[in-house]
Amino acid sequence: MEAQTYEPIKKEQCKAVNITGAEAMMECLVQEGVELMFGYPGGAIMPVYDALYSYSDRLKHVLVRHEQGAIHAAQGFARVSGKVGVCLVTSGPAATNVVTGIADAMIDSTPVVIISGQVGSNLLGTDAFQETDVIGITQPVTKWNYQITRAEDIPWAMAKAFYVARSGRPGPVLIDITKDAQFNKFDFRYQKMQSIRSYQPVPQPDLTKINEASHLINLAKKPLALVGQGVVLANAEKELMEFLEKTGIPAAWTILGLSAMPTDHPLNVGMLGMHGNYGPNIKTNQADLIIGIGMRFDDRVTANTQRYATNARVIHMEIDPAEINKIIHADVPVLGTVKETLPLLTQKVNKNEHTQWLEEFNACYRVEHERLIGKELHPEKPELTMGEVVRRVSEAFDDDAIMVTDVGQHQMVATRYFKFRQSRSVVTSGGLGTMGFGLPAAIGAKLGAPERHVCLFVGDGGFQMTIQELGTIFQEKVPVKIILLNNNFLGMVRQWQELFFDFRYAQTELINPDFQTIAKGYYIPAIKVTERENLDDAIKTMAESEGPFLLEVVVEKEGNVFPMVPSGMSVDDIRLE
Amino acid sequence: MKEEFTLTVFSENVVGLLNQVTTVFTRRHINIESITASASAIKGIHKFTIVIFTTQEQVEKLVGQIEKRIDVLKAYYFRNNEIVYQEIALYKVPTKSLLEGNEVEQLVRKHGARILELTEEYTVIQKTGYKEETQYLYEKLQPYGLTQFTRSGRVAVNRLKKEPLTTWLKTLEEDRLKVEA
C-alpha cells in the first residue's frame, strides 16, 4: 500500500532544510513545544539519540532504568502539566516494555507520544534482531499508531501524532520509525496539524439536549453530579464550580476526577465507587437525577449496573460518543467538551439550593465518620493505620501537594484521606490498576510541576515492581517524597482472600528486603517508623528535606479498606465494616 | 435477540486498518461471518462490508467503537431489509461431467449462473446471489465431481433515499484536488 500523502504541506508555507530523519524528529519535538522526554537508548533508535546529543540545550532527556519507567514517568508528567508526555525507546523488548504504560494511558485518557525505533525497512518481517511487530501489538491500546519507513513521512506523521494525542479525548500515540528512515536525508519542513478529515475530536454541542438537560435539572429534587477526569482534561474546573454553585447540586467524584474540586468545598460529598464514601454510594439509588460530567460509569463506580441509579434519570455530559449508553443508558446525552457544555447549561438552569438533600449526605458522612473514618484517622489500637499516615502527610504539606499513588489498599486510602486545594494534583492508575506505576509516575509528576511538592504513596508490593527507578531519582536528583506503607502483604488481594476466600492467603505474604538499606544504596535519605509517637517527627523531617526522601511506615499487617461495595452487589449494599 | 447485521465502514486506505477494525470484534468475542474490503468510489478511501450476528444493543456499541478509530471516516449498520446485497461464488467441475450429459448445463441455466472458463480438464462456473442460493447450487453440483468451491464476502448498497455520505465524500475529494493543484 502507498504511504499516506493526503495531508501535504504546501511548499510555499515554510522553507525546507535538508536534514536526516533523526534530526527531523528532534525538530518536530521542538516545534510541538516538547522540552522534556523520558527514555532509554538502544540499537534501533541510536540515530535519534545521536541527534538528541546536539539538541541537549533544547530537549531535556531523563534516562530511566527500565522502559516501563519511561512511559509511566511520561504519564505522570502529562497528568500534572496538561502537556503531552514523550517517551523514547528502541525496538523489540524496549517497545514491548512500554505496552503496559500505553494501555494505562489509553484507559485513563492520558496524552503521551511514544517514539520507538525499529529495524531497517528492508528487514521488516524477517524476524531480525530486536524486531517486533510493535504496530500490531499496540494497535488495540493506542489512540493511533503509525510506522514510519521513509524520512519524508516524518513531518506529517509527527504532527498527526501530537494532534491526535492532545485533542478531543486525549490518549497515547505510538510512532515506530525504522532505522533507515532515521538515517536518510530529506527536505524537512514542518506544520502543526489542525484537523484530520476522518476525525472529529470535539462534537458540537446540541442545544436541544442542553435544553432537555436544564429542564431535568430544574425539576430534580434529589440531583447528584458525578465528576470525572473530563473536567480536568478540559480545564473546566471553574465552569464546574459555577454550575454546581448556581444549582446547589451535591457532587461526588471518580478516582480520576479527584482534585477537580477542593476537598473542603461544601458541595463536595466525596468519592464514588467500591471504596468510595458512604453517602455518594447510598444516595446514588435515592437520587432522582444523575449528572455524569466527563466520566464513563466504570464498573468500579457503578457496581451492579442492574441495580444502579434505580430512581434516577441520567444526563451524561461526555466528549466521546462511544461512551454514551456504553454502560448506563443516558436519558439525555450531552456531547461535547464540558468546557463548552457546562457554561451553556449554567446559563439555562435556575438558581437553586438543595439544603435538605445535601444534609442527607452530611448525615451519611457523620455515620461513616463515627463508624470508620474516626477509627482510621485516630486509632486506639497500637498499630499504625494507612489513613492516619496519609492524613498527617497531607497536613504537613498544607493539604496542597500533588499526590501520586501506586495500586492497592494504600491507593484507596490515599484517595480517601489526602486533601486537595487545586486541580491536577492526583496521579494514579485508575482504569488499568497498574502496580509499579507509582514510583516512575512520581518522577514525571515532579518534573512536570517542579514548583509543587510531590508525595508518592506506595505499598511494599508495587514499590518492588519498579524499584529500579530509585536510580533515576538519584541520577536526576528528583525531590519526590516517597511514603512506603509497608504491611508485608499484597494487602488488597489479602483483603479479598480474607473476605471472600475464607482467609486462604495464597501467595500474598511478602518477605521483604531492608528498604532502608536499599535507599542508602541509592543515596536517598530514609527513615523507618514503627511507632505512632515517631510519625510526626519523621514526616516533619521528610517535609523539610530538600531532595528525595523515603519514609517507610510499618502499618497494621492485616488492615482492611472500608467502606466496600462487594463485587456483584449494588452501590447501596456498601459495607462500612 | 441476536440477528444478522451488515456493517459498512468507510476508512482511509492505510496499512493496518483492517486490523484496527477487526480487533473491535475480537475484543468482544464476536465472530465475523463475512468481510469484504476494497477501494471505494472515492480515491484513497476504503470500504468494508462486514456481516455479524449480534444484538441491536451490541451493534450500536460496535459501530461507536469502530468510528472512534482515527482513520475511520464513518461506520453504519443495517438490517437485511435495509440493504440490497449479494455474494459471488465460483465452482470448478471436471469438463467431463459437462460432456457426459446435460444436467450440469441445465443447472447453470436454471440458477442463472454462467461459465467463466472452459478447458479440456475443468470448467469454472460463476454464480451471484444470496448465500442460500450459492449454497444450493453447491449442493446440486457436488454429485458431478465438484473439485473447488469458493464464496466471497457480502457486497451491499443501502436502500436509503438520501446519500449524505457520498455527498460529503465528494466534497472531501474536491478539497483534496484543490490542495494538490
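**Reading two chains of a predicted model**

Both faces of strand S12 of chain A are covered, with A:Leu289, A:Ile291 and A:Ile293 buried on one side and A:Ile290 and A:Gly292 buried on the other.

Trainee: How many residues of strand S12 of chain A are buried, and what follows from that?

Mentor: Please keep in mind that this is a predicted model. In a regular strand, side chains alternate between the two faces of the sheet. Here, five of the five residues of S12(A), which covers residues 289-293, are buried, so the strand is largely enclosed by the rest of the structure.

Trainee: Turning to chain B, in what order do the strands of its open sheet of four lie?

Mentor: The order is S2-S3-S1-S4, with antiparallel pairing. Strand S2 (32-39) and strand S4 (72-79) of chain B are the edge strands, as each pairs on one side only. From one strand to the next, the twist averages 15 degrees. Seven bridges connect S2(B) with strand S3 (residues 45-54) of chain B in antiparallel fashion, and B:Ser34 stands opposite B:Val51 in S3(B).

Trainee: Which helix packs on this sheet?

Mentor: Helix H2 (residues 56-68) of chain B does so, touching strand S1 (3-12), S3 and S4 of chain B. The direction of H2(B) makes about 165 degrees with that of S4(B).

Trainee: How is chain B built as a whole, and why is it described as spread out?

Mentor: Chain B has six helices and nine strands. Its radius of gyration is 20 Å, well over the 16 Å that the globule rule gives for 181 residues, so chain B is more spread out than a compact globule. The chain is divided into domain 1 (3-83) and domain 2 (85-151), whose C-alpha centres lie 31 Å apart. Along its principal axes, the C-alpha trace spans about 60 × 50 × 35 Å. Of the 181 residues of chain B, 24% count as buried.

How values were computed
Residues are numbered from 1 along each chain as its sequence is written. Chains are lettered from A and ligands numbered from 1 in the order in which they are written. This is a predicted model: local features need pLDDT of at least 70, side-chain atom pairs count only at pLDDT 80 or more; totals for chains, interfaces and linings use all residues. Domain bounds come from an automatic or database domain assignment. Helices (H or I, at least four residues) and strands (E, at least two) are DSSP runs, numbered from the N terminus. The radius of gyration is taken over C-alpha atoms; the globule rule is 2.2 Å times the number of residues to the power 0.38. A residue is buried if 20 or more other C-beta atoms lie within 10 Å of its own, exposed if 12 or fewer, and partly exposed in between; C-beta atoms are placed from the backbone. Two strands pair if DSSP finds at least two bridges between them. Axes are lines fitted to C-alpha atoms, for helices over the stretch in contact, and angles run from 0 to 180 degrees between N-to-C directions. Two residues are in contact if their C-beta atoms, placed from the backbone, lie within 7 Å.
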